[in-house]
Amino acid sequence: HTPVIMLTARGDDVDRIISAWQKQRPDLDVSPLAVLSRVSRLARHLDSRRRQAFLGHGLEIWEFDVLAALRKADHPYTLSPGELLTETLVSSGTMTNRIDRLVARGLVSREPSPTDRRSVRVALTAEGLAAVDAAMVDLLAAEQSILADLAPAEREALATLLRRVVLPFESGNAAG
């Protein structure tokens with residue numbers, strides 16, 4: 001028996017999609033769509049809002065990601081290219097290209113490692129620090145507006161539930 005998802009008075013596009021699938025394929029349990037299609041749609045909306053927030057500071061999302069990884073490091077805001085790979089989940093070749101582009105823009109610099117002369121550290125410049133800090137302010141304002149209709153307890157509950165869904169992927173134990 002497949003659970004029937006009831007439409008609320010304020011139904012969204014996902015409610016309509018679910019209803020159509022229930023009508024066409026009543027033999028399928030389409031209940032995962034109620035959560036995961038909304039997460040997917042929310043991710044697209046969030047990407048759009050992030051792009052808008054960063055555009056005002058002349059940054060692309062990937063640029064913000066690298067700058068933010070450096071900003072979260074302790075002063076003097078430096079990481080090795082390998083640490084940046086871990087923080088941003090991109091390939092080595094992609095990271096090298098990104099660092100090159102950020103160096104060309106004056107947002108980061110490459111510095112010799114103080115402990116290993118064969119290694120380099122990527123450092124946030126004063127311009128990079130100013131850009132990431134200003135972009136972070138706009139990002140948080142955009143994200144606050146997305147969550148404005150949720151009470152603090154609802155935000156906390158949603159964060160807890162989403163953490164339970166995301167954690168297996170980050171620990172490498174996700175099915176699939």
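1. Basis. The model is predicted, so that local features need pLDDT of at least 70 and side-chain atom pairs count only at pLDDT 80 or more, while totals for chains, interfaces and linings use all residues. Residues are numbered from 1 along each chain as its sequence is written, and side-chain values use heavy atoms, with hydrogens and water left out.

2. Largest pocket. The volume of the largest pocket is about 1,700 Å³. Its lining comprises 35 residues, and R38, V39, L42, L158 and L162 are the closest to the centre. A pocket here is an open set of points on a 1 Å grid over the protein atoms alone, where a 1.4 Å probe fits, with protein on both sides within 12 Å along at least five of seven lines; lining residues have an atom within 4 Å of a point. The volume is the space filled by probe spheres set on the points, which are joined across faces, edges and corners.

3. Origin and class of that lining. At least two lining residues come from each of helix 1 (13-24), helix 2 (31-55), helix 6 (126-146) and helix 7 (152-170); helices are DSSP runs (H or I, at least four residues) numbered from the N terminus. Helix 2 supplies the largest share, 12 residues. The lining of the largest pocket has 20 nonpolar, two polar and 13 charged residues.

4. Second largest pocket. This pocket holds about 470 Å³ of space. Among its 21 lining residues, R50, F64, D65, A68 and K72 lie nearest the centre. Two or more residues of the lining are given by each of helix 2, helix 3 (61-72), helix 4 (81-88) and helix 6, and helix 3 gives the most, with eight.

5. Nonpolar patch. V35, L36, V39, L42, I146, L147, L158, L162, V165, V166 and F169 make a nonpolar surface patch of about 880 Å². Patch residues have over 30% relative accessible area and no salt bridge, with nonpolar side chains joined within 5 Å; a salt bridge is a side-chain nitrogen of Lys or Arg within 4 Å of a carboxyl oxygen of Asp or Glu. Helix 7 gives the most to the patch, with five residues.

6. Single residues. F169, in helix 7, is exposed (over 50% relative accessible area), at 59%. H57 lies in the loop between helix 2 and helix 3 and is partly exposed, with a relative accessible area of 25%; this class runs between buried (under 20%) and exposed.

Notes:
Nonpolar A, V, L, I, M, F, W, Y, C, P; charged D, E, K, R; others polar. Patch = residues over 30% accessible without salt bridge, like charges linked within 9 Å, V, L, I, M, F, W, Y side chains within 5 Å. Areas by Shrake-Rupley, 256 points an atom, 1.4 Å probe, with all protein chains shown as cover. Buried < 20%, exposed > 50% of the residue type's maximum accessible area, 1.4 Å probe, protein only.
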